[in-house]
Amino acid sequence: MNADFPRLITLLRKEKGISQKQAAAEFGISQALLSHYEKGIRECGLDFLVKCARFYGVSCDYLLGVSPERNGRQLTVEDIPEPDSSKDVIFKGNIMPILNKKLISNSLSIVYDLVGKSESKQMNTEISNYLMMAVYRAFRILYSANPKNENTMFSVPQELVSGYCHASMMVSEARAQQLAQGSDKNPDRVRNIDEMKITTEYLMQNYPKQSQALLNLIQNSENRLGFHDHD
């Protein structure tokens with residue numbers, strides 16, 4: 001059995017709001033044995049796996065960590081909604097959350113278009129890994145706001161998240177920088193250098209709708225970094 005199984009059956013039980021004793025009775029095993037399963041001390045058989053899947057209404061693939069979807073489906077591009085289709089949230093008349101969301105989403109459109117023009121699969125991987133890790137960190141911060149939220153939703157302990165994520169992001173950043181400024185010996189370097197000649201005029205012409213968002217994001221970010229002047 002994989003390492004995700006103990007964590008997931010613990011999470012599902014707690015989400016259902018039942019004790020180990022109650023769950024063990026449902027499965028027809030002792031509480032001590034269930035405790036061993038949830039701690040990963042002992043491995044269960046296929047019969048118990050199937051019972052868990054049926055009792056909690058999830059797939060065996062989910063319990064085994066094969067799929068992050070509880071119904072066992074594999075995610076496709078068509079399953080992901082467009083960013084604009086999600087609900088905008090306004091906090092007591094403050095439109096800043098909507099503005100920030102649009103700045104980020106429109107800027108990302110430009111980033112990924114440029115990634116495509118680079119014709120570097122590895123660049124796409126490193127940029128994507130960096131950004132996904134940033135979103136993951138943000139979600140973990142929000143998740144930790146309520147102490148009642150179960151840490152068993154994640155395999156990485158809360159006390160290790162910041163350090164591990166930071167290290168992973170720095171590695172992806174370094175690899176992406178190497179690809180951007182790499183030598184001809186790197187087979188997956190950025191190839192279309194001419195396409196990457198970026199100016200403000202270039203952005204305005206090629207991305208008339210998104211360029212203002214990116215330029216504002218750049219200005220806001222550099223203001224936060226203490227660079228208020230653009231000499």
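This is a predicted model: local features need pLDDT of at least 70, side-chain atom pairs count only at pLDDT 80 or more; totals for chains, interfaces and linings use all residues.

Student: In which helix does Ser105 lie?

Tutor: Ser105 belongs to helix H6, which covers residues 96-118. Sequence distance and spatial distance are separate matters: Ser105 and Leu214 are 109 residues apart in sequence, yet their C-alpha atoms are 9.3 Å apart in space.

Student: How many helices and strands does the protein have?

Tutor: The protein has 10 helices and 0 strands. Read from the N terminus, the order of elements is therefore α-α-α-α-α-α-α-α-α-α.

Student: What share of the residues is buried?

Tutor: A residue counts as buried when its relative accessible area is under 20%. Of the 231 residues in the protein, 26% are buried. The accessible surface comes to about 15,800 Å², and carbon and sulfur atoms account for 55% of that area.

Student: Which residues of the largest nonpolar core touch the most other members?

Tutor: A nonpolar core is a set of buried residues joined through their side chains. The largest one here has 21 residues, and Phe48, Tyr56 and Leu63 touch the most other members. At least two residues of this core come from each of H1, H2 (20-27), H3 (31-39), H4 (46-56) and H5 (60-63). Another core, of 6 residues, lies apart from it and includes Leu114, Tyr202, Leu203 and Tyr207.

Student: What does Leu63 touch, leaving aside residues up to four places away in sequence?

Tutor: The partners of Leu63 include Phe5, Leu8, Ile9 and Leu12, as well as Leu49, Cys52 and Ala53.

Student: How much space lies in the second largest pocket?

Tutor: The second largest pocket holds about 380 Å³ of space. Its lining has 13 residues, of which Arg7, Leu8, Tyr62, Pro68 and Met153 are the closest to its centre.

Student: Which element supplies the largest share of that lining, and what classes of residue occur there?

Tutor: Helix H1 supplies the largest share, with 4 residues. Both H1 (4-16) and H7 (121-143) supply at least two lining residues. By class, the lining consists of 8 nonpolar, 2 polar and 3 charged residues.

Methods. Residues are numbered from 1 along each chain as its sequence is written. Side-chain values use heavy atoms; hydrogens and water are left out. Buried means under 20% relative accessible area, exposed over 50%, partly exposed in between (1.4 Å probe, protein chains only). Accessible areas come from the Shrake-Rupley method with a 1.4 Å probe; for residues, only the protein chains shown count as cover. On a 1 Å grid over the protein atoms alone, a cavity is a set of points where a 1.4 Å probe fits but cannot get out, and a pocket is an open set with protein on both sides within 12 Å along at least five of seven lines; lining residues have an atom within 4 Å of a point. Grid points are joined across faces, edges and corners, and a volume is the space filled by probe spheres set on the points. Ala, Val, Leu, Ile, Met, Phe, Trp, Tyr, Cys and Pro count as nonpolar, Asp, Glu, Lys and Arg as charged, and the others, Gly among them, as polar. A nonpolar core is a set of buried Ala, Val, Leu, Ile, Met, Phe, Trp, Tyr and Cys residues joined through side-chain atoms within 4.5 Å. Contact means heavy atoms within 4.5 Å.
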